[in-house]
Amino acid sequence: MRVTRILGVDPGWASLGLVVAELVDGRLTGGSLVHATTVRTSARKRAGVTYAQRERRRARELFDRLSSQMDGVDLVVSEAPTLVPSRTKSSMSVGRAFGLLDGVTFALGVPVFYFTAGEIKHAATGSTKASKGAVADGVARALPGMETMLERQRITGEDSTSHAYDAGGAILAALADERFTMLLTGREAS
């Protein structure tokens, strides 16, 4: 029996979705879900705090939360960056988030694999045009306990949103990819 700990990430500068799951012989089991959350950072302006200071604080917060989830992780899977030229500010934030993810995984020697939004939606729902709600439903079915974990976080005041479901969807996209599952199980292509 081969156990692999995988971290699914939905990268964002304002909201970072994180899901940790354990795979047994490259498959999800009823007890696969280890942790799921969404980390939110604030862009709120404060008197006497410069933009650079605020952005450094946000980067540190995201770095710390991402790093704290890496203990024992063998692989990281993430949604691939989508940059929209007409939305410069949004694209810069996406770039920062991916730079942070790449930096942490590189520093720790953990490989990261990227999947498109369409691959994630298809893995969770069977459709590349699925809504956020449909993705959340598909991920909740595949990762038993996710809804309960996220609801408990809502009750205790922790942040949890669709970003955690998107991070779980990245795990499902990886498991739907034959090359990725061959890597996990060590089997040859059919």
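Contact here means heavy atoms within 4.5 Å. Keep in mind that this is a predicted model, in which local features need pLDDT of at least 70 and side-chain atom pairs count only at pLDDT 80 or more, while totals for chains, interfaces and linings use all residues. Residues are numbered from 1 along each chain as its sequence is written, and side-chain values use heavy atoms, with hydrogens and water left out.

Five strands form an open sheet in the order 3-2-1-4-5, with mixed pairing; strands (E, at least two residues) and helices (H or I, at least four) are DSSP runs numbered from the N terminus, and two strands pair if DSSP finds at least two bridges between them. Strand 3 (33–40) and strand 5 (112–115) are at the edges with a single partner strand each, so one side of each has no neighbour in the sheet. Strand 4 (residues 75–79) pairs with strand 5 in the parallel sense over four bridges, and valine 76 has valine 112 in strand 5 as its bridge partner.

Now for the helices. Helix 6 lies across strands 1, 2, 3, 4 and 5, at about 40° to strand 2; angles run from 0 to 180 degrees between N-to-C directions, and axes are lines fitted to C-alpha atoms, for helices over the stretch in contact. Helix 4 (residues 132–142) packs against helix 6 (residues 162–176) at about 60°, their axes 9 Å apart. Helix 4 is therefore oblique to helix 6, the term for angles that are not under 35 degrees (roughly parallel), over 145 (roughly antiparallel) or 65 to 115 (roughly perpendicular). Among the residues that meet are Val135 and Val139 in helix 4 and Tyr165 and Leu172 in helix 6.
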